[in-house]
Structure formats: structure tokens, C-alpha cells
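Student: Could we go through this one together, a bit at a time? I'd like to start with a helix and then move on to the loops.
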Amino acid sequence: MNDQPKNSVMEIQPLGAGREVGRSCVWMRYQEKQIMFDCGIHMNKNFQGVGSLPYFDRIESIDNIDLILITHFHLDHCGALPYFLRKYKFKGKIYMTRPTKEIYNLVLRDSIKVKSENLGADLINEQSIESSLNHIEVIDYDSEIYYQGIKIKCYNAGHVLGAAMFMVEIDGVRVLYTGDYSTENERHLRPAQIPNEKIHVLIVEATYGDTLHEQRQKREANFLNEIKSTLQRGGNVLLPVFATGRCHELLLILDEFWQQNSDIQQYPIYSTCTLAQKCINIFKKYISQLGERLAKVDGLFQFKFIATKKHIEDILTDPRPKVVMASPGLLQSGHSKQVYEKWCKDENSQVIITGPAVQGTIAYKLIHERDPEVKIRSYQISFSAHADYNQTSAFINALRPEHVILVHGISQKCNDLQNKITLNYKGVVQRVWAPKNLEMLELKFQKSNVGQSGCTAVGKLAEEMQQQITEFQFHHSTHKQIEVEPDDCVTECVCCRNDLNFYGVLLNTEHGFILADETDQDLLSQYGIQQNQVYNQMYLPLQCQLEQVINLILKLHPNAEYLYEDHLIRVSPQLDIIIPPSRTILQFKWISSPKTDELADGLAFFISSINQSTFENSEFEKNKKSGLINILRMSEFQIQQDNDNIVISFDSQVQAIIDLNTFEINFKQYNYQRRIESIVNNLQKK
């Protein structure tokens with residue numbers, strides 16, 4: 001009998017991808033919170049219609065799932081989402097990255113058009129795709145979201161553009177779900193991140209088991225040599241690919257190789273992947289997420305030797321030996337199957353499988369269950385961006401999780417990887433699991449006592465506190481401490497006492513007290529807190545030069561902005577200082593909060609003090625030349641005095657030249673004409 005409280009047991013159950021590759025979907029429940037990682041379909045042609053879906057109906061409380069996290073846009077990870085949302089009364093949140101959402105839309109609509117990937121009209125249609133898009137919210141890499149007591153963090157997973165690993169934390173227990181990931185440095189993608197946090201449960205792919213990938217340079221050389229030798233003996237080469245996966249990397253490899261080798265430029269390269277072409281615009285949009293090598297390239301994805309053809313007949317009628325890149329990658333339908341059926345009896349031709357071959361597909365049979373009637377040569381070389389054993393081992397070594405759960409791998413691969421991790425990480429990993437579909441895992445964790453012992457800062461406030469504490473500790477280390485017991489608080493230092501003060505909203509949640517920033521509206525709304533905004537106003541006489549005020553504010557608050565056209569200084573998103581045309585007063589306007597109230601009061605005090613500063617109007621009246629120079633030095637411009645002229649520049653570009661004898665302005669550019677005229681005219685009026 002279990003003597004621990006029920007809610008201290010974490011339940012994890014694969015609804016798909018348990019000892020198989022396909023229909024990735026892992027259900028988890030802890031502290032009455034339910035999460036579903038991925039929602040894919042099976043790619044095996046033996047699983048058709050509803051048979052290709054995860055086992056949704058086996059979860060009694062399926063309608064009560066709080067959160068769905070989609071790692072990337074491949075159909076075996078996201079293809080069942082429209083069906084799930086149409087079938088069940090889901091009321092929670094769905095998150096994926098921005099690139100994933102955009103390409104998810106293209107991939108599913110394309111699958112309907114080509115009637116492929118086991119997606120019949122009974123599963124999804126245009127309406128259900130559109131409806132699902134309305135449910136999906138986006139999350140960025142390295143961002144942190146709180147929802148219903150669940151902390152969610154998102155990390156780059158490599159694999160494909162926008163692929164994410166998700167870390168969820170409930171009551172102090174952290175679970176990392178990798179989805180498909182790769183820590184390898186590729187041509188067009190950055191490698192997966194390794195989270196710098198303690199992970200209690202790691203749910204990780206076992207696609208390649210304990211096998212090792214060939215070294216990348218050797219892999220590319222073998223790939224290109226196979227293609228070249230086939231073409232030179234008069235054969236054709238078929239490269240079945242997923243249009244939104246390795247396709248873009250292979251296009252880069254081929255085009256680069258053709259440019260460097262004039263002896264093969266007579267052989268055409270065709271691509272039928274029109275979807276890949278559409279995705280290129282999305283790649284360009286998110287260029288910061290691409291590999292460092294591509295991020296610096298001009299004319300990204302502009303290929304010299306690759307022609308995209310929409311109609312397969314235009315390719316097959318070309319008599320020359322050629323390379324054809326067609327989707328899908330497992331040959332089960334679409335253009336790749338059409339080309340394969342045309343060439344499968346030709347012993348001079350070759351099909352190269354560039355990723356893992358899923359059981360039950362033509363690609364798998366070509367590699368593992370060869371039909372004697374098939375004459376075309378077959379070769380498998382992996383560009384699939386799934387982790388091999390070395391990558392998985394390094395990942396586990398860095399994270400040192402208590403539990404490792406293997407999914408997304410056939411039984412033999414799961415067994416091999418399970419045995420090797422168990423052997424090599426004895427004393428680090430408590431247990432390695434490789435569950436079948438619907439096998440329930442129960443992991444026990446002690447319930448947190450945070451609600452009894454104190455409170456936890458979250459969101460923006462947690463980041464601010466960590467930064468201030470780090471600065472405080474550094475500052476404190478340089479000070480002389482009074483004689484206190486070793487375990488006394490550091491704030492007993494005489495010169496540091498009371499330096500650390502934090503303001504926030506204290507919330508009593510089901511998992512204990514948390515402290516949140518009062519301006520963190522997204523976080524507060526997740527806990528049902530709605531805020532009313534109170535606007536405050538204050539008027540202050542302006543008895544000094546406006547430039548002095550601007551200069552002071554920019555020194556005190558470097559992120560502040562002087563918006564000349566709008567006649568205001570934006571100190572923060574909550575505080576504006578409005579400058580009326582008369583320039584005799586300043587109007588403070590802000591959204592009231594303890595922080596912003598204190599900020600406004602502080603600035604009012606400082607501005608009042610400079611109203612009587614050394615640069616009084618009488619000083620300017622005595623010497624308007626030096627007065628003008630001093631005012632310009634305190635403005636946003638750079639100035640240089642050249643005899644009786646002042647050269648005014650902004651961002652190293654000369655804007656105007658002022659004659660100090662006549663105060664005439666010779667404008668070189670007119671972007672800041674009104675601003676410069678305002679400074680000079682105001683001085684001349686004194």
C-alpha cells in the first residue's frame with residue numbers, strides 16, 4: 001500500500017512513441033496538473049485513419065488536460081492536434097515556437113492537398129487546421145511562462161527550425177521533454193541547448209539507440225561520392241526527403257558541391273519540394289535562429305544548380321542522368337513514391353535514404369527487407385538530426401537526472417540504450433525506463449514544503465532579485481563587516497544594511513506563497529489576478545534649460561527616450577514627462593504603482609534641484625555663445641567647435657553648422673531641423 005500522499009506520485013504514460021517511432025504523445029500528471037507532450041500521427045502505412053492516432057481514449061480525464069506542448073512541425077509530433085481539438089473539450093493552453101506554428105500551418109495544409117501521411121479527411125480538414133491555429137500560443141527560446149501553477153521553459157532543440165525542448169516545473173520537480181533533438185553543429189541550424197538547471201526526469205528520444213553517427217565530414221563525402229559515381233555510370237539518384245526537415249540542408253550540400261566540381265555540372269538537380277520552397281521565406285524571417293555560418297550569408301537559399309519543378313512529368317521526361325529530391329522521406333506516397341516506382345527496376349539507379357527508416361514503410365523494406373524484384377540500388381546515410389549515443393550520453397552527463405524515460409525508438413533500440421545508460425550511469429540515474437504504449441510509470445517525489453517555510457519569487461521579480469543580490473554580494477565583499485556570528489545575515493554589514501528591498505504582490509497559491517512583480521500582468525493573470533490602472537499627474541515648473549533635464553534623465557535612466565516629435569520624455573513604459581509648447585512647465589503622467597510613484601517623486605526632486613543650477617538664464621544672457629555650446633553639449637547631439645562655427649552631428653553624420661557670430665544655421669541634413677532651430681531660437685529669446 002502506498003503510504004505517501006497521492007499527489008506526490010508523478011504519472012507518465014506514452015500514448016504513442018512507446019517502443020515505436022511515430023505518433024509521439026506523452027501524457028503526464030503531477031499534483032493534479034496534466035500535461036501532454038506532442039500530439040502526432042503514425043507514419044507506418046499499416047496504421048491508417050484513427051489507427052494512426054495516439055491512444056487518447058485511454059485517458060479518463062483527457063478533457064481536463066491543462067497544457068499541450070508541441071516540440072516541432074513534423075507530422076509524427078503535431079499531425080493529430082487538429083483532430084484532438086475537434087474531438088475533445090480541451091480548455092487549456094497550447095504552446096509551440098513561432099517558426100513551428102508557421103510551418104505547422106503549411107505542412108498540414110500541404111498534407112491535405114497531396115492526400116499523404118495517413119491524414120484522411122476524417123482526421124483533419126481545412127476548418128480543423130484553422131481552428132487549431134486559433135488555439136495555439138507561441139513561446140520563444142529561453143522564455144519562461146507560468147500557467148496554472150506550472151512553470152514552462154523552452155530551449156532550442158536543434159533538429160529543425162523552431163524545434164523546442166520543454167522543461168516543466170511543478171512544485172519544485174522539473175521534467176525535461178526533448179522531443180527530437182540534436183547537439184550536432186549543422187550547416188543551417190544551431191545545436192540543441194543544454195539547460196543549466198537540475199532536471200529530475202528526462203524524457204528523451206531513443207531513435208538511434210546506442211549506435212554512433214559517422215563523422216559529419218566523412219558522412220557528407222560518402223553521400224556525395226555515391227551520387228557522383230551513380231550519375232557518371234548513367235544512373236539516376238532519388239533522394240526521398242521530408243520537405244521541411246533535412247531537405248534544406250541537403251540542398252545546401254548539393255549546390256555547394258556542384259559549384260566546386262565543374263565535371264558534374266552537366267547533370268541536373270531537381271527538387272519537387274514546393275513546400276520546402278515556401279518554407280525558405282520562413283527561414284529568412286527567423287535568420288537569427290539559423291547556424292552562425294548561414295546567418296552571415298548573402299542571398300540565403302538562392303541556389304545556382306537546383307531547379308524546383310511542380311510537375312513530376314517534367315522531370316521524368318528529361319533523358320539525362322539526374323538527381324531528384326522528392327517528398328515524403330519514407331516513400332509511402334507522393335512524388336517520391338512516383339519516382340521510385342518509375343526507377344525501381346533500373347539497376348544503374350540509386351535511392352539514398354537520408355534519415356531513419358520507420359518500420360512498415362517502403363524505405364524500411366529497401367534497407368532491411370529487400371525484395372528480389374527490386375533492382376534499384378539502395379543506400380542509407382543519416383542526415384536526420386536525431387541524437388546518437390554520444391550526444392545522449394553527454395546530455396545525461398550534463399543534466400544528471402534521477403529518472404530517464406526513453407521514447408521514440410523501436411524496441412531493440414530502446415533496449416540497447418536502456419542497458420547502456422543503466423551500466424554507464426550507475427549511481428547517477430536511479431532508473432532508466434523504456435515503457436510501451438499505455439504502460440503507466442509512477443515516480444515518487446516528496447511534496448514541497450515551500451508554502452510552510454516561506455515564499456518563492458517568480459517571473460520578472462525573480463530575475464530582478466537575482467541580479468540585485470549578485471550585485472549586492474559583490475558590493476558587500478568590498479566592505480568591512482562588523483563582528484557578527486558566521487551564520488548571521490550579510491545585511492548586518494553597517495554600510496550595506498537595508499540596501500536590499502523588494503516590492504511585489506504576495507499570492508497564496510495551492511503550492512505555497514509566491515511573490516510576483518506588480519507590473520507582470522501576464523503572470524498575475526495566470527493566477528486570476530486582474531489589475532485596475534490608476535493614472536497620476538503632476539506639474540512641475542521648468543526654470544532651467546530643457547536640455548539639462550533631458551541630460552539628467554538619460555544619465556539616471558539610460559533606457560529613457562526623448563521623443564522630440566511627440567513632445568515627451570518616455571522614462572519607462574509606465575511614466576511619461578510631457579513637454580507643452582510653452583516649455584514653462586513639465587507634466588508628469590504615470591500609471592500608479594509603488595515603484596513608479598517612487599520613480600516620479602525622485603525625478604521631480606532632482607529636476608527641482610537643477611532649476612537653480614549653474615546654468616541659469618542670467619548666465620546665458622551674459623554669454624550666449626558659451627551658453628549655446630553648453631546647451632548643445634547636454635543635448636543628444638555631438639558637437640565640434642571650429643573657430644567661430646559649431647558643427648552639429650548625430651550618429652557621426654553632420655546635421656548642421658551654426659555661425660556663433662550671427663547664429664545663422666546652415667543645414668546639411670533636415671532630419672533634426674526643427675529640433676536644432678528650437679534650441680537656437682529659445683536661446684536668442686533670452
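Student: Which exposed residues does the face of α4 turned away from its buried side carry?
Tutor: Keeping in mind that this is a predicted model, the face of α4 that points away from the buried side carries Gln127 and Asn134, both of them exposed.

Student: And which residues of α4 are buried?
Tutor: In α4, which runs over residues 126-135, the buried ones are Ser128, Ile129, Ser132 and Leu133. They sit on the same side of α4, because the arc they cover around the axis is only 145 degrees.

Student: Why would residues three or four places apart point the same way?
Tutor: That follows from the geometry, since an α-helix has 3.6 residues a turn.

Student: What caps the N-terminal end of α4?
Tutor: That is Asn125, which places a side-chain oxygen 3.1 Å from the backbone nitrogen of Gln127.

Student: Switching topic: where is Asp66, and is it buried or exposed?
Tutor: Asp66 belongs to the loop that connects β3 (33-37) with β4 (67-69), and it is buried. Asp66 has no salt bridge, and the nearest side chain of opposite charge, that of Lys33, is 5.2 Å away.

Student: Now the backbone: which residues does a cis peptide bond join?
Tutor: The cis bond joins Ser327 and Pro328, with omega at about 5 degrees, and Pro328 lies in the loop between β15 (323-326) and α10 (334-343). As background, most peptide bonds are trans, and most residues other than glycine have a negative phi.

Student: What is the phi of Leu438, then, and what about His567?
Tutor: Leu438 has a positive phi, near 75 degrees, and is found in the loop between β19 (431-433) and β20 (441-444). For His567 the value is also positive, near 55 degrees, and this residue is placed in the loop between β25 (561-563) and β26 (568-572). His567 counts as partly exposed because its relative accessibility is 39%, which falls between the cut-offs of 20% for buried and 50% for exposed.

Student: Last one: which residues form the nonpolar patch on the surface?
Tutor: The patch is formed by Leu556, Phe605 and Phe606, which together have about 300 Å² of accessible area. Of these, Phe606 lies in helix α18, residues 594-610, and it counts as partly exposed because its relative accessibility is 36%.

Note on methods: Residues are numbered from 1 along each chain as its sequence is written. This is a predicted model: local features need pLDDT of at least 70, side-chain atom pairs count only at pLDDT 80 or more; totals for chains, interfaces and linings use all residues. Side-chain values use heavy atoms; hydrogens and water are left out. Patches are made of residues with over 30% relative accessible area and no salt bridge: like charges are joined within 9 Å, nonpolar side chains (Val, Leu, Ile, Met, Phe, Trp, Tyr) within 5 Å. Accessible areas come from the Shrake-Rupley method with a 1.4 Å probe; for residues, only the protein chains shown count as cover. A salt bridge is a side-chain nitrogen of Lys or Arg within 4 Å of a carboxyl oxygen of Asp or Glu. Helices (H or I, at least four residues) and strands (E, at least two) are DSSP runs, numbered from the N terminus. Buried means under 20% relative accessible area, exposed over 50%, partly exposed in between (1.4 Å probe, protein chains only). The arc is that of the directions from the helix axis to the C-beta atoms. A polar contact is a pair of N or O atoms within 3.5 Å; within protein, one must be able to donate a hydrogen and the other to accept it, and residues adjacent in sequence count only if both atoms are side-chain atoms. Lys and Arg count as positive and Asp and Glu as negative; His and the chain ends are not counted.
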